[in-house]
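Dear colleague,

Please find below the structure that I am handing over to you. My notes on what was found in it follow directly after.

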Amino acid sequence: MFHSIRWRIALPFLLFTLAVIWGLGLYSAHLLEKNPLESTRCLLLAQAQMVSDLSLPYIRDDREKLQPLAEEWAEEIIAAPVTIISRDGRVLADLLHEPKAAQSPEVEKALRGTAGSDIRFSPFFDDEAIFVAVPITDRGSVLGVARLAFPLSRINPQLRELRGAILLASGVASLLALFLSLLIAGLIAHPIKELTRAARRIARGDFGQRAKVKSKDEVGDLAFAFNRMAERIEETLKLVSAERDKMAAIVNNLESGVIITDAGGRVKLMNPAAQRLFETSGTEAQERPFIEISQDHQMSEILSRALKEGRECSEILEKFDQGKKFLRIFASPLGEGALVIIQDLTEIRRLETIRRDFITNISHELRAPLASIRVLAESLEEGALNEPGVASSFLHKIQVEVDKLSQLVSELNELSRIESGDVHFDIKPVNVGEIVRRACERMEPMAERAGLSLTFEFPPELPPVLADEARIEQVLVNLLHNAIKFTPPGGKVSVSVKAEEEHLSVSVADTGVGIPREELPRIFERFYKVDKARSGGGTGLGLAIAKHIIKAHGGKIWAESEEKKGSVFTFTLPIASS
């Protein structure tokens with residue numbers, strides 16, 4: 001309780017006030033007590049001097065009469081017991097019957113020629129009494145001492161009343177001082193307590209808390225500054241929280257793995273991408289060594305080097321644990337730990353490979369017809385133009401090559417428009433069975449020329465699908481064309497339709513040469529051709545166009561194949577809701 005600021009303010013003020021009150025009270029009591037005593041002493045000294053004067057004739061010549069005279073004086077004149085002592089210390093008259101009276105302080109002083117006084121307990125009065133003594137002198141010579149005594153009991157009732165009044169006044173003043181001290185301290189401490197309460201709430205996280213202090217003094221200025229500080233802290237924390245949330249959202253949505261470790265290489269934080277990469281969760285990875293999470297000594301070595309040397313370290317690693325992967329690991333010191341960023345470059349490398357293959361393939365597709373046109377044109381220029389039969393043949397061949405180039409450019413343009421979303425699809429409920437029937441009828445002549453059997457089957461009551469009829473027929477014709485082209489004579493090509501819960505699946509199967517397993521992921525890329533298909537001609541864009549058409553319909557397309565046994569191409573289309 002006494003450690004509170006209220007008591008720390010009130011207690012010094014109270015103690016000082018009490019010291020002043022009681023000091024003044026005691027001093028006043030002393031003065032009030034001293035005045036009656038001093039008056040009594042002065043009166044006794046005057047009476048003692050009178051006794052001294054009356055005793056002078058008798059102390060010289062007739063000492064025996066002093067005792068009865070002292071009794072007479074005490075009863076009729078002085079009203080106080082009288083003691084007369086000779087210079088040699090012999091008691092000549094004594095009404096107090098005090099032994100060793102000559103050795104009392106006031107007598108000894110009087111024997112030295114000056115008046116003396118003393119206050120002490122008197123057996124005669126059975127109370128404290130004031131004693132005064134004066135010398136009895138004759139022509140400067142001390143002949144004896146006259147002493148009087150007066151009991152304080154006759155003075156004390158008045159002194160007790162004065163003391164009681166002073167004590168009562170001092171007590172009332174003390175209580176008033178206590179009340180005022182606590183009141184003033186409370187008024188001073190209240191705004192400070194309000195500030196303390198607000199500060200504690202802010203410390204607990206309630207940054208909207210404000211100190212409700214309205215005084216105009218220094219404490220009010222402090223409260224105003226405190227509230228301004230709280231507002232700034234709240235604004236700053238909101239900004240920091242917003243930035244933290246933004247940063248957390250960015251880190252959590254990064255495709256790169258982000259890991260923060262301590263100085264010992266123990267994991268402190270992992271974003272979802274890193275958790276997926278190492279097939280773990282943030283909780284499981286917490287406080288575990290990085291090498292235990294990554295299970296890769298090369299990654300751990302890069303992190304250790306960054307921590308040890310205090311610099312950024314980066315390397316590209318090639319991994320084969322789950323297929324071929326390219327990973328770029330970047331480690332940088334961060335405070336008392338390190339930041340590790342792991343980028344999966346596999347897709348980038350794949351896209352680079354696709355880009356290189358695209359350039360190679362399109363160069364090949366353009367080079368062959370252009371070379372043929374150039375050779376034919378040079379032949380015509382060198383004289384074949386003068387031979388009508390040869391010139392006509394060469395011009396026909398040039399026309400064929402130009403048509404190939406035109407088809408290539410047309411399909412490239414169509415693919416580009418489909419990929420960019422510039423092509424309009426006339427989506428509506430259509431009957432897939434009719435589309436399959438028309439496509440098979442279009443490709444029947446080609447299948448017959450190739451010596452193949454072309455069949456189709458589908459349930460009699462197929463639900464309609466949401467599709468662009470012409471584009472789906474284009475996809476089917478492309479798939480049938482490829483199946484017929486790469487199936488040896490005597491083989492079979494078939495189309496089947498199957499209804500699922502939310503979509504229809506259409507499959508084109510053949511008994512052709514098949515596709516190597518490692519080539520399957522890339523057959524839907526632009527210009528990509530399996531090596532065995534090089535001699536078959538074509539632009540290499542048909543499957544890429546088919547993929548983007550199906551994707552635009554909200555469906556999927558994929559291929560399954562086994563070399564020398566054939567392939568199955570399947571795509572899905574969403575069923576129209578009833």
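Leaving aside its neighbours within four places in sequence, with which residues is V251 in contact? The model is a predicted one, and in it V251 touches V258 and N271 once those neighbours are set aside. V251 belongs to helix α5, which covers residues 218-253. With a relative accessibility of 17%, V251 counts as buried, because the cut-off for that class is under 20%. P272 is 21 residues away from V251 in sequence, and the C-alpha atoms of the two are 8.5 Å apart in space.

Overall picture

The protein chain has 578 residues, of which 39% are buried. Its secondary structure comes to 14 helices and 17 strands. Of the contacts between residues at least 6 apart in sequence, 57% join residues at least 24 apart.

As to confidence, the mean pLDDT of the chain is 80, and 81% of the residues reach 70 or more. Over residues 532-536, however, pLDDT stays under 50, and the model has six contacts beyond four places in sequence for this stretch. Where pLDDT is low, the predicted coordinates should not be read in detail.

Helices α12 and α13

Two packed helices are described by the angle between their axes and the distance between the axes. For α12 (residues 432-449) and α13 (residues 469-485), the angle is about 35° and the axes are 9 Å apart. The crossing of these two helices is right-handed. On the α12 side, the contact is made by I435, V436, R438, A439, C440, R442, M443, M446 and A447. On the α13 side, the residues are E469, I472, E473, L476, V477, L480, H481 and I484. Sorted by class, this contact consists of twelve nonpolar, one polar and four charged residues.

V436, one of the α12 residues in this contact, has a relative accessible area of 1% and is therefore buried. Outside four places in sequence, V436 is in contact with F456, L476, V495, V497 and V506. V436 and V477 are 41 residues apart along the chain, and their C-alpha atoms are separated by 9.1 Å.

Q474 also lies in helix α13, but with a relative accessible area of 29% Q474 is partly exposed. The C-alpha atom of Q474 is separated by 9.4 Å from that of I545, a residue 71 places away along the chain.

In soluble globular proteins, nonpolar side chains tend to be buried together. The largest nonpolar core in this model has 44 residues, and L476, L480 and F571 are those with the most contacts inside it. Elements giving two or more residues to this core include the helices α12, α13 and α14 (542-552). Helix α13 provides the largest share, namely eight residues.

Which residues does L480 contact, leaving aside its neighbours within four places in sequence? They are A439, C440, M443, L454, V493, V495 and V508.

T572 is located in strand β17. At 10% relative accessibility, T572 counts as buried. Not counting residues up to four places away in sequence, T572 touches H503, L504, S505, I550, G555, K556 and W558.

Backbone points to inspect

Most residues other than glycine have a negative phi, and most peptide bonds are trans. Two residues may be looked at with this in mind.

R139 is not a glycine, yet has a positive phi of about 50°. R139 is placed in the loop between β4 (127-138) and β5 (141-151). Its relative accessibility of 79% means that R139 counts as exposed.

E287, likewise not a glycine, has a positive phi of about 70°. The loop between α7 (282-285) and α8 (290-294) holds E287. With a relative accessible area of 37%, E287 is partly exposed.

With kind regards

Conventions. Residues numbered from 1 in each chain as written. Heavy atoms only, no water. Axes fitted to C-alpha atoms, helices over the stretch in contact; angles between N-to-C directions. Helix = DSSP H or I, 4+ residues; strand = E, 2+ residues; numbered from the N terminus. Left-handed = near helix turned anticlockwise from the far one by under 90°. Contact = heavy atoms within 4.5 Å. Nonpolar A, V, L, I, M, F, W, Y, C, P; charged D, E, K, R; others polar. Core = buried A, V, L, I, M, F, W, Y, C linked by side-chain atoms within 4.5 Å. Buried < 20%, exposed > 50% of the residue type's maximum accessible area, 1.4 Å probe, protein only. pLDDT = per-residue confidence, 0-100.
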